[in-house]
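Dear colleague,

Please find the structure below, handed over for your records. The notes that follow it set out what was found.

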Amino acid sequence: MKIGDYISLFSKQKWSLYALYILGLVAILPYTFYYVNNPDTFQYISLARKISKGYFSLALNGYWSPLICWLISIPVFFGLDGIASFKLVQILIGFFTIDAWLKLCSVVGLGNWYRRVLGLLIIPFVLDYAILNPTADLLFLTLVLYSLIILLNNQWMNGRGSSLRLAVLGALLYFAKAFGFPFFISLLVLNRLICYCPKGKKL
């Protein structure tokens, strides 16, 4: 199979999963629009409202996930309800999560059948975190998936573009979760250890 065939197949799989994701949203969202299953959600919404009003000094507390709050503050600034804003941001992030998941499955060399199965399995997970359990976790997962894609390609040490994208992802991981930056450093160290470990030896 040629490279163009792989790209075409990946694109078809991605858009078919997008369609399933949208169908799931249409089926679930009308009944769960204002349903929230996590108290942290209201902390994020409270911070986003303060940010949208310019009260930046008041938008600091123990919930260190400013990136999701910054994203929520955009629709809040334009007058959208807090919960609706959060779920809108989560739904949009969900598309990137699906995209990153499929790319990671392709990078690790999974066959077409396995990619289809794993692609189907992630849809309920994304729907749950996008609609029922809106927190910063979905955003963090998406950033981790994109970071793993670059790390597993092993081109970031030699390519300026890949290195820059990885550095940006590392910064975003820090702003997504408090432990994001140490986790990112751990991924880098583990990647280098695996790459430099002699073949046939275990770490």
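**Helix α6 and its end**

The model is a predicted one, in which local features need pLDDT of at least 70 and side-chain atom pairs count only at pLDDT 80 or more, while totals for chains, interfaces and linings use all residues. Residues are numbered from 1 along each chain as its sequence is written, and side-chain values use heavy atoms, with hydrogens and water left out.

Helix α6 covers residues 137-153; helices here are DSSP runs (H or I, at least four residues), numbered from the N terminus. Its 17 residues reach 24 Å from the first C-alpha to the last, close to the 24 Å expected at 1.5 Å a residue. That expected span is 1.5 Å times one less than the number of residues.

Of the 17 residues of α6, 12 are buried, which leaves the helix mostly covered. Buried means under 20% relative accessible area, exposed over 50%, and partly exposed in between (1.4 Å probe, protein chains only). Among the buried residues of α6 are Leu-138, Phe-140, Tyr-146, Ser-147 and Ile-150.

**Salt bridges**

Side chains of opposite charge can pair when their charged atoms come close. A salt bridge is counted when a side-chain nitrogen of Lys or Arg is within 4 Å of a carboxyl oxygen of Asp or Glu. By this rule there are 3 salt bridges.

One of them joins Lys-14 to Asp-99, with the closest N and O atoms 3.6 Å apart. This pair links distant parts of the chain, since Lys-14 lies in helix α1 and Asp-99 in helix α4 (residues 82-107), 85 residues apart. Lys-14 counts as buried because its relative accessibility is 18%. Asp-99 is also buried, with a relative accessible area of 7%. Apart from neighbours within four places in sequence, Lys-14 is in contact (heavy atoms within 4.5 Å) with Asp-99 and Leu-102. Helix α1, which holds Lys-14, spans residues 3-32.

Asp-99 forms a further salt bridge with Lys-103, where the closest N and O atoms are 3.3 Å apart. These two residues of helix α4 are 4 residues apart, so about one helical turn separates them. Lys-103 is partly exposed, at a relative accessible area of 33%.

Lys-177 counts as buried at 14% relative accessibility, whereas Asp-137 is partly exposed, with a relative accessible area of 30%.

**A nonpolar surface patch**

Tyr-174, Phe-181, Ile-185, Val-189 and Leu-193 make a nonpolar surface patch of about 430 Å². Such a patch consists of residues with over 30% relative accessible area and no salt bridge, its nonpolar side chains (Val, Leu, Ile, Met, Phe, Trp, Tyr) being joined within 5 Å. Areas come from the Shrake-Rupley method with a 1.4 Å probe.

Helix α8 (residues 180-196) supplies the largest share of the patch, 4 residues. Tyr-174 belongs to helix α7 (residues 160-176) and counts as partly exposed because its relative accessibility is 35%.

Yours sincerely

Definitions and conventions:
Patches are made of residues with over 30% relative accessible area and no salt bridge: like charges are joined within 9 Å, nonpolar side chains (Val, Leu, Ile, Met, Phe, Trp, Tyr) within 5 Å.
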